[in-house]
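Take a look at the fold below.

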Amino acid sequence: MFFLLNILGILIVFGLVFLCSPSKRKVKWRPIISLIIVELLITWFMLGTKIGIWVIDKIASFFTFLISSANEGISFAFPSVMANPTVDFFFSALMPIIFIITFFDILSYFGILTWIIDKVGWVISKVSGLPKLESFFSLQMMFLGNTEALAVIRQQLSVLKEKRLLTFGIMSMSSISGSIIGAYLSMVPGEYVFAAIPLNCLNALLLSSVLNPIDVAKEEDVVYVPSKKERKDFFSTISNSMLVGMRMVIVILAMVVGYVALTACANGILGFIVHGLTVQKIFSFIFSPFAYLLGLSGHDAMYVAQLMGIKLSTNEFVAMMDLKKHIHSLPPHTVAVATTFLTSFANFSTVGMIYGAISSIMGEEKSSIIGKNVWRLLVSGVAVSLLSAMFVGLFVW
């Protein structure tokens, strides 16, 4: 019975997202069906074979190496901070952006990144039937995170039309950053974290094609390569990359502080009206039907709904810390779907981070497309997390 609920949940989430689409007639179903088949195969490969876990682990190790390299630079400037057992979000997740942007800009300078985008994007676009840049971006988000991924392809984004730019904003809700995978693994089972990463990216690609279906002409489905006149010398390029990274860190920090503070303020006002009422509790009631559709029983469904509310109103770290306390008393299926749902950046503050990232890269005029479509970003982020959890739930009981 619970297995059937899990399957029903997938159909209902797809149905609700489709109802939210403003251009239902433009939705292309062949790419959606292709991606669903690929996701089922990936989930089986990740959770059913040792080779799958080994492959993802090796990829994660490369990005962990990049983060450790970034930490060397941070430690030089802030040795006392980085020596502490617990490092603040600013230093652990935001400051590495400066090095990661610089590293990938070097790859772009020598044409390596543009070649990878073109070839890998071509392979995924052949499977999904979707454009190359969007297809590559879905993979890029697997370990880079939304703001870093947006910064890395900023030259590509600068030549896109607003409607197509919105697709990247929608997809960015469902990423994570390689810099915090270690923190996740200290709280929840690694196999579900690694399973969630590719599923989130493919589901983001899938749902963005439903919420914002667009037709990209063949001549527009190319990787932008700056002309020789636009290219600066090597040292000017990397110096500019570092400054771009620093500006992005400051903008994102302002957005995160502001949104978390607003949530705390809203909780204070709600608690004054009704004792004990919080934004988190309101969302837990809203999400309770979806928790049942994850194939959960009564008590477990309400607990996972509570975790969903905590994640959306604050962040996944707070929710994972709570899950860690109860993880040994929960059934495997509950642990699997809860962990998978929590493994992404989909919450209110992430909307601010995406807006801030696009604003710092391309200015206020182009970032307004994000501000006008916040609801689409939130629907996508929640729906992607639910779908990923439901796909994993099919294989863990």
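Helices here are DSSP runs of at least four residues, numbered from the N terminus. The model they come from is predicted.

Start with helix α6, which covers residues 96–109. It has 14 residues. From its first C-alpha to its last, α6 reaches 20 Å, close to the 20 Å expected at 1.5 Å a residue. Just after α6 comes G111, with a positive phi of about 80°.

How much of α6 is covered? Eleven of its 14 residues are buried, so the helix is mostly covered; buried means under 20% relative accessible area. Among the buried residues of α6 are I97, I98, I100, I101, F104 and L107. P96, T102, D105, S108 and Y109 are buried too.

Now turn to helix α1, residues 2–20. F2 sits in it. F2 counts as partly exposed because its relative accessibility is 36%, between the cut-offs of 20% and 50%. F2 also belongs to a nonpolar patch on the surface, along with F3, L4, I7, L8, L11 and W397. Together these residues have about 690 Å² of accessible area.

Step back to the whole protein. It has 21 helices and zero strands. Its C-alpha trace spans about 65 × 55 × 45 Å along the principal axes. Of the 397 residues, 54% count as buried. The accessible surface comes to about 17,600 Å², and 70% of it belongs to carbon and sulfur atoms.

Terms used. Residues are numbered from 1 along each chain as its sequence is written. This is a predicted model: local features need pLDDT of at least 70, side-chain atom pairs count only at pLDDT 80 or more; totals for chains, interfaces and linings use all residues. Side-chain values use heavy atoms; hydrogens and water are left out. Patches are made of residues with over 30% relative accessible area and no salt bridge: like charges are joined within 9 Å, nonpolar side chains (Val, Leu, Ile, Met, Phe, Trp, Tyr) within 5 Å. Accessible areas come from the Shrake-Rupley method with a 1.4 Å probe; for residues, only the protein chains shown count as cover. A salt bridge is a side-chain nitrogen of Lys or Arg within 4 Å of a carboxyl oxygen of Asp or Glu. Helices (H or I, at least four residues) and strands (E, at least two) are DSSP runs, numbered from the N terminus. Buried means under 20% relative accessible area, exposed over 50%, partly exposed in between (1.4 Å probe, protein chains only). The expected span of a helix is 1.5 Å times one less than its number of residues.
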